[in-house]
Amino acid sequence: MVVAGSAPPVPMAVPVVAVAGWSGAGATTLVLGLQRVAAATVQGLERAAAHGPVRGPAYDLPGDPVLLDAGAPGVAAADLLVLVVSAVDGLDPGSVATWRAAEDAGLPRLVAVTKADLPGADLDESLALCRRLLGPGQGSDAGEELQPLAMPLHGGDPEAPGGVDGLLDLVTVRVLDHSGPPGWQPVVTSATGEFLDAAAGQRDELIEAVLTASEDATLLDAWLLGIEPSPTVLGAELAIAVAGGLLHPVVAVSGVTGLGCPSLLALLRSLPLAVATGPVLDARPDAPLVLSALGDGVVRVRSGTLRPGVLGRTLTDLAGAPVGWAGPGVVVVVPGLDVAPGAVLDPGAG
Ligand SMILES: Nc1nc2c(ncn2[C@@H]2O[C@H](COP(=O)(O)OP(=O)(O)O)[C@@H](O)[C@H]2O)c(=O)[nH]1
Ligand SMILES: [Mg+2]
């Protein structure tokens, strides 16, 4: 609660997720879809009512990572990359370069295959393409670490042609049915025998990949003896593997129908991302000030402390509320700051 006359609040560093890919692949639509799912909570609605819609390249809701819709330049300021790949258009060299830049920067990464709702979507082909072009270099192991988290369903049938309107979640073993009228929350049921059989091979592959990445070797030993991890254990180990950059999920989504959006948001919320590493250059508050510009006045502090007036202007949070100061990892708005996205500012140096 803000008390009249008290000092403006100081925002905490929160994880920043860059959603980027080929222009037209659906990054903006996906960010809005994720924001829509997040806003469908009491907290999210209160926030939206208090401040109105947020504009700009960055979106946040309390308790969620900040979503950055800032294209390739956003990657340098983020803690995680969601590479957007269209299920009907394939992969372009720019997207591969964005993926490799994030890899070089040590960022955890995942692929969102967008437009999965369109009849032309071929998710098997999209996955194969991602494994070929985004996998870990040459050799027989290439692509093993890109893992789908769900089996796509068409009209409730994994074999039928047409756009995807449901997912069988391989971690929770639940069917998420998005075939109803534009449903942002799917109808959720437990997977039945027939579906389980169809998904068994993919599920085994995912479990093996997750447990191979796990630091707890007893889990893999148990699995090899035929003892399955519970969905809770599997989900927790998956989150650790993704945040550690050992496994890259490939998730089918549609920012238009909401397909996959609740699952992706839940995954992003579960990740133990290390905010103070990666794009944060120096976590000490007295380090020289360095900022990454993200466009529309949005900046992320990468080291040092940004105070109002340093850039000759006020500071606000993404919803427009005044901010006292911002430390490493924090995303804030410097209203009116006209600097190209991707630029690194070091006002502390001079
Ligand atoms: N059917 C469908 N259309 C989509 C989806 N995502 C994006 N589009 C459409 O593709 C076009 C480009 O989307 P946009 O989000 O602006 O792409 P961006 O350039 O990557 O931000 C728009 O016409 C969107 O409506 C999707 O998941 N399903
Ligand atoms: Mg866009």
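Two strands are taken to pair if DSSP finds at least two bridges between them. Helices (H or I, at least four residues) and strands (E, at least two) are DSSP runs numbered from the N terminus. The structure is a predicted model, in which local features need pLDDT of at least 70 and side-chain atom pairs count only at pLDDT 80 or more, whereas totals for chains, interfaces and linings use all residues. Residues are numbered from 1 along each chain as its sequence is written, and chains are lettered from A and ligands numbered from 1 in the order in which they are written.

The protein chain contains nine helices and 15 strands. Of its 350 residues, 45% are buried, a residue being buried if 20 or more other C-beta atoms lie within 10 Å of its own, exposed if 12 or fewer, and partly exposed in between, with C-beta atoms placed from the backbone. Contacts were assigned to residues whose C-beta atoms, placed from the backbone, lie within 7 Å. Among contacts between residues at least 6 apart in sequence, 66% join residues at least 24 apart.

Strands of a sheet pair through backbone hydrogen bonds, either parallel or antiparallel. In one open sheet, four strands follow the order β14-β13-β12-β15 with antiparallel pairing. Its edge strands, each pairing on one side only, are β14 (331–333) and β15 (344–345). Strand β13 (residues 298–303) is joined to β14 by three bridges, and the two run antiparallel. Within this pair, Val299 stands opposite Val332 in β14.

Another open sheet of four strands has the order β7-β8-β9-β10, also with antiparallel pairing. Here β7 (150–153) and β10 (187–190) form the edges, and each pairs on one side only. Neighbouring strands of this sheet are turned by 20° against each other on average, direction ignored; axes are lines fitted to C-alpha atoms, for helices over the stretch in contact, and angles run from 0 to 180 degrees between N-to-C directions. Four bridges connect β7 with β8 (residues 166–169) in the antiparallel sense, and Met151 stands opposite Leu168 in β8. Helix α6 (residues 193–213) packs on the sheet and touches β7, β8 and β9 (174–177), its direction making about 135° with that of β7.

Two packed helices are described by the angle between their axes and the distance between the axes. For α6 and helix α7 (residues 217–224), the axes come within 7 Å and cross at roughly 150°. The contact brings Ile207, Leu211 and Thr212 of α6 to Leu219, Leu220 and Trp223 of α7. These residues divide into five nonpolar, one polar and no charged, where Ala, Val, Leu, Ile, Met, Phe, Trp, Tyr, Cys and Pro count as nonpolar, Asp, Glu, Lys and Arg as charged, and the others, Gly among them, as polar.

Helix α9 (residues 261–270) is mostly covered, with seven of its ten residues buried. The buried residues of α9 are Cys261, Pro262, Ser263, Leu264, Leu265, Leu267 and Leu268.

Ligand 1 is surrounded by 16 residues, the closest being Gly26, Ala27, Thr28, Thr29 and Ser254; a residue is near a molecule if its C-beta atom, placed from the backbone, lies within 6 Å of it. Helix α1 (residues 27–39) contributes three residues, the largest share of this shell. By class, the shell around ligand 1 comprises five nonpolar, nine polar and two charged residues.

Several loop positions were examined individually. Most residues other than glycine have a negative phi. Lys115, by contrast, has a positive phi near 60°. Lys115 lies in the loop between β5 (109–114) and α5 (123–134) and is buried because 27 other C-beta atoms lie within 10 Å. Val173 likewise has a positive phi, near 55°, and is placed in the loop between β8 and β9. With 16 other C-beta atoms within 10 Å, Val173 is partly exposed.

Gly162 occupies the loop between β7 and β8. Gly162 counts as partly exposed because it has 13 C-beta neighbours inside 10 Å. Although Gly162 and Ala121 are 41 residues apart in sequence, they are 7.5 Å apart in space, C-alpha to C-alpha. Leaving aside neighbours within four places in sequence, Gly162 is in contact with Pro119, His154 and Gly155.

How values were computed: Contact = placed C-beta atoms within 7 Å.
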